[in-house]
Amino acid sequence: MLFSIKNLHVSIGGKEILKGFNLDVNAGEIHAIMGPNGTGKSTLAAAITGREGYEITEGEIWYKGKNIIDMSAEERANEGIFLSFQYPVEIPGVSIQNFMRTAINAKREYQGLPPVSMVDFLKTMKEKQAMVEITDKLQNRFVNVGFSGGEKKKNEIFQMAMLEPQLAILDETDSGLDIDALRIVANGVNQLHTNDNAFIVITHYQRLLDYIVPDFVHVMYDGRIVKSGDKNLALELEAKGYEWVKGLMG
Amino acid sequence: MDSNPKGNIIEEVTNKDYEFGFVTDIETEFIPKGLNEDIVRLISKKKGEPEWLLEFRLKAYRHWLTLKQPDWAHLDIPHIDYQDIIYYAAPKKRKELQSLDEVDPELLDTFNKLGISLDEQKRLSGVAVDAVMDSTSVKTTFQDTLTKYGIIFMSFNEAVKQHPELVKKYLGTVVPHTDNFFAALNSAVFSDGSFCYIPKGVRCPIELSTYFRINAANTGQFERTLIVADEGAYVSYMEGCTAPQRDENQLHAAIVEIIAETDAEVKYSTVQNWYPGDKDGKGGIFNFVTKRGICRGDRSKISWTQVETGSAITWKYPSCILKGDNSIGEFYSVAVTNNHQQADTGTKMIHIGKNSRSTIISKGISAGYSQNSYRGLVRIAPDATNCRNFSQCDSLLLGDKCGAHTFPYVQCGNDSSILEHEATTSKISEDQLFYCNQRGIGREKAIGLIVNGYAKDVLNKLPMEFAVEAQKLLSITLEGSVG
Amino acid sequence: MDNTDNIPETLKRRILDYGDELLKRKAGEDTAKVTTLRNEALEHFSQNGFPTRKMERWRNSKIIDNLSESYQLYEEQPSHDRKDFCCVIQDFDTEVITMYNGRLADDNILRTLDNGIIIGSSRAAMIQHPDLFDKYFGSCRTDEDNGFYDINTALWQDGFFIFVPANVTAEKPVQIIKLIDNVNNPLIQTRNLIILEENSNLCIVDCDDTMSNNASLVNSFTETVIGENAHLETYKLQNLNNETVFINSNTTKQLKDSSLMSCIISFNGGMIRNNVHVDLDGQGADTQVYGLYLMDKKQHIDNQIRVNHNVSDCNSNERFKGILDDEATAVFNGHVYVAPDAQHTNAYQNNSNIILTSSAKVNTMPFLEIYADDVKCSHGSTIGQLDEEAMFYMRQRGISKANARMLLMYAFAAEISNNIKIDKLQERIDDMIKRRLKGELSSCDTCVFHCNTPKEYNFEIDLSKI
């Protein structure tokens with residue numbers, strides 16, 4: 001198994017948000033996690049990627065045979081865990097190109113490889129940009145500075161393509177996207193999807209799942225998964241609404 | 001090709017310590033410690049100066065005696081015993097040097113370590129270098145090429161001998177000896193420096209550069225730089241500096257004067273990397289420098305760019321007097337302080353000419369226990385109509401034991417000028433750091449990346465040779481500063 | 001130069017002599033603390049004297065150069081009939097304190113309201129409530145470099161006193177009408193004390209007016225202590241003649257979760273210096289300091305605003321705006337200090353100026369001094385003119401140049417007056433701003449509220465259409 005979360009409890013500032021979360025993900029799978037606002041979806045993404053301030057009080061996160069809960073955020077990233085942020089932060093003065101080169105070389109260093117040559121790097125950049133229909137111009141801009149909502153999300157998928165993660169988490173990647181941008185982003189994801197990697201798609205709406213078809217759909221409520229099923233669960237949820245989920249809780 | 005070759009520099013940096021802190025083993029000639037009229041005379045005599053220059057020095061010395069060390073800056077300056085300083089130290093010369101081959105090989109080696117090659121390499125990269133070590137100019141490269149254009153670029157000493165009329169005409173016209181305590185001191189005891197004159201209509205084809213190094217112990221360095229761009233001339237001038245690591249403090253009190261005549265443009269770039277002292281604040285250079293330019297003619301322009309990473313204490317305000325109509329003054333500064341460093345730096349833009357414009361971009365970065373202050377004056381004279389100033393002074397704090405301060409003085413005396421000042425103080429956000437971490441970039445590298453991005457507006461103004469060095473320095477200075 | 005230097009010297013000697021005499025005379029009346037502070041202040045003043053132009057915060061002050069050696073240091077009881085200046089703002093009911101040349105002029109000089117609020121004379125408060133008075137008097141910090149504080153502390157005779165007990169919300173705003181009838185070129189020392197105990201609320205409207213065109217020096221000093229979770233709003237309206245030198249010093253100490261909203265509107269005055277010093281001593285404290293100055297002729301305004309973030313988690317917001325006509329001069333020095341470990345500080349500071357003539361001058365110094373890293377601090381200052389493009393836009397729509405100017409100036413000023421929370425007061429002040437901009441509001445010989453002309457003032461154009 002590529003990735004497994006066992007009985008995860010996470011608190012922020014003493015308040016428990018995740019309350020016994022379990023999830024198993026095999027290579028090649030796409031999992032969708034749905035649920036109403038404030039149910040702990042973004043906390044889950046933060047806990048998996050090692051964000052500070054999220055206290056794991058109980059449970060384990062297994063990835064490639066290791067419990068990663070003591071690893072730093074950058075170690076987890078270099079091990080191949082990628083998060084497409086819901087709200088990508090602006091970093092003024094740092095060009096995307098410089099940023100990506102620094103990130104790729106950090107990963108290569110972690111793997112004991114020499115830095116990437118400029119020629120190879122630029123070639124890869126060009127390829128991956130095409131995948132999410134990013135123009136050259138965007139590449140010389142500063143990381144997320146002055147980007148529209150759609151540009152920010154495309155940029156996230158572009159970075160994912162560059163870093164070739166084995167486990168990618170898409171946190172509300174569809175929010176703030178118009179239909180064209182949504183299609184582009186989804187195409188990018190589908191092209192990157194192989195038998196060796198896995199995706200966790202966190203979303204509020206079913207819409208994204210028309211484009212990125214999940215193998216499993218999990219409904220999350222109050223810090224844990226309350227129902228799992230195949231892609232039809234998403235449709236059912238869309239039809240019945242989140243009130244139905246509360247009903248499931250009994 | 002790489003459209004951003006500056007970008008990757010951070011990871012090349014591995015050396016965490018002050019890497020220029022070696023003492024060069026060169027025979028040095030000293031004069032006795034202390035300061036009095038005899039010492040002033042002795043310095044002048046050693047240099048074989050004409051009578052007028054000795055008079056200039058003595059006048060300055062007598063004025064200095066009446067002054068008190070300024071205390072208005074946001075600096076905690078330990079007591080300085082001005083009688084405990086050696087005011088002149090020169091590498092011993094065996095004879096007059098005619099070519100680089102005759103320069104002491106160890107000295108050349110020093111400059112090579114500093115990354116200043118005084119040899120052909122620089123010729124290829126198009127930089128003429130005047131290296132000043134412990135107050136004395138060692139050798140100016142490129143004399144021949146420059147002579148072809150009528151450009152004078154030589155040590156101050158030589159200029160006094162070869163072009164006394166020019167030196168006499170301009171010396172002290174921008175920074176008079178009465179200007180301030182340190183200017184008076186420098187005017188009395190300056191030992192050497194660089195002189196540069198670009199004749200009418202000449203665009204200097206190469207970057208001119210001076211490298212300063214304090215080598216001997218207990219010495220002060222008091223160099224004097226004078227740059228004159230005659231009508232329609234252009235020059236880009238760079239200044240760099242280093243000093244060995246020493247436990248005791250050393251004094252550096254320099255003067256830079258720039259004159260831009262009608263339609264002339266001078267671009268002055270500094271990367272200041274004097275020894276900042278150790279992490280406990282022991283040792284380091286006291287850098288008390290007066291830098292000022294005058295845009296004397298219409299449409300003239302002076303642009304200061306500085307990257308300040310070194311020195312235990314910095315007191316420095318490169319300024320522009322915008323006398324000519326439509327003249328332009330610019331000040332771009334990155335000042336980084338770490339450990340126990342203190343910096344009080346900024347600029348003065350004095351608008352006298354009509355339609356004159358000035359821009360100030362200052363980026364302060366404080367870490368460790370350091371104090372970093374921006375102090376700036378923008379003054380629009382009543383007759384200076386239609387002037388424009390824009391100032392932006394940002395501070396970035398790394399750590400909760402340091403300070404970042406902003407002291408702008410804005411004065412406007414007419415109803416057709418527009419002045420804007422803005423400033424922000426912030427720290428690197430945890431969101432930015434986590435974003436970098438999530439992409440696999442570790443904390444220290446992430447900070448280097450973000451800080452370089454923060455300073456980009458200023459770093460972009462530097463000539464390429466300097467930009468690379470400056471970026472490295474920013475990262476080195478801040479390494480280990482954030483836990 | 002030497003000649004003018006002697007004036008402060010002569011005046012200083014007179015003040016010291018008078019201070020000695022006063023100490024003897026007041027020995028029976030003053031509380032122990034007041035006596036001690038008078039002594040200390042005299043001592044400090046005798047050593048330091050008046051501030052000089054060499055001092056950083058007085059460098060641009062014209063006040064020092066314009067002191068007179070012949071101020072009357074003391075006047076006997078006021079003899080003014082307070083009926084002359086009864087002030088009414090329609091639909092704005094206030095508790096009124098009236099003062100004449102620095103002395104309480106009400107029949108009942110200290111009154112306790114039903115809810116326990118005490119208002120009236122500070123001298124009477126010292127005598128009738130010595131324990132309460134001593135607990136707060138002199139408890140706020142001040143700036144070292146201000147000799148006028150010393151003079152006030154040493155020589156004060158009276159002023160206003162407001163005490164709001166814990167958990168009380170004042171039903172009506174307290175309006176203080178301070179009139180100066182400067183026949184004898186007086187040096188008026190007003191010493192005021194405002195105390196808000198925890199969980200209390202108060203609004204103050206504080207008006208300074210002159211009743212003649214003679215010269216005077218008014219040296220007013222107000223100490224304010226805002227207790228935990230207490231909230232104070234204060235509006236100061238300054239409308240003084242061109243011969244008056246007015247030093248208005250305020251020092252405020254704010255405890256946990258307290259708030260201060262201060263708005264100083266300077267309509268007129270020969271020379272005005274507003275010293276505002278706020279110490280944020282309790283977490284969660286919030287301070288908003290607004291100022292508007294509309295100066296013309298040779299008037300001089302100097303706003304010195306110091307906000308100390310001494311503890312974490314406080315907010316401060318300073319906005320000062322001014323319009324300068326003729327040969328008027330303005331100085332602004334804002335200083336935000338953030339102490340070590342005062343994390344999560346939010347501080348904002350702004351000074352904007354419009355210069356209308358080539359002989360008006362502005363000096364602005366917005367300072368930040370920050371020793372903590374997890375802070376959001378920013379400041380800005382601008383000096384400029386009315387927006388040419390906006391002017392043209394309006395004129396293209398048929399608005400006269402004069403009206404367009406007026407509208408732009410009003411819009412600029414309204415950014416400050418919009419912060420006034422009491423509608424009726426805001427209307428009134430907006431009206432006064434319009435009059436002032438039209439040149440119709442000069443320093444008056446009645447109260448600043450112009451009760452005689454309650455009709456609202458309007459420009460020819462409906463502002464809402466812009």
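In chain C, 84% of the contacts (heavy atoms within 4.5 Å) with a separation of 6 or more link residues 24 or more positions apart. This is a predicted model, with local features needing pLDDT of at least 70, side-chain atom pairs counted only at pLDDT 80 or more, and totals for chains, interfaces and linings using all residues. Residues are numbered from 1 along each chain as its sequence is written, chains are lettered from A and ligands numbered from 1 in the order in which they are written, and side-chain values use heavy atoms, leaving out hydrogens and water.

Chain C has 8 helices and 20 strands, taken as DSSP runs (H or I, at least four residues, for helices; E, at least two, for strands) numbered from the N terminus. Of its 466 residues, 64% are buried, meaning under 20% relative accessible area with a 1.4 Å probe, protein chains only.

Turning to chains A and B, 26 residues of chain B touch 38 residues of chain A. The two chains bury about 2700 Å² between them, 56% of it on carbon and sulfur atoms; this is the accessible area (1.4 Å probe) lost on putting the two parts together, summed over both. On the chain B side, B:Phe434, B:Tyr435 and B:Arg439 lose the most area to chain A, together 28% of what that side buries.

There are 3 salt bridges between chain B and chain A, a salt bridge being a side-chain nitrogen of Lys or Arg within 4 Å of a carboxyl oxygen of Asp or Glu. A:Glu109 pairs with B:Lys445 in this way, the closest N and O atoms being 3.1 Å apart. Helix 9 (430-438) and helix 10 (443-454) of chain B each bring at least two residues to the side that touches chain A, and helix 9 gives the largest share, 8 residues.

Note on methods:
Buried < 20%, exposed > 50% of the residue type's maximum accessible area, 1.4 Å probe, protein only.
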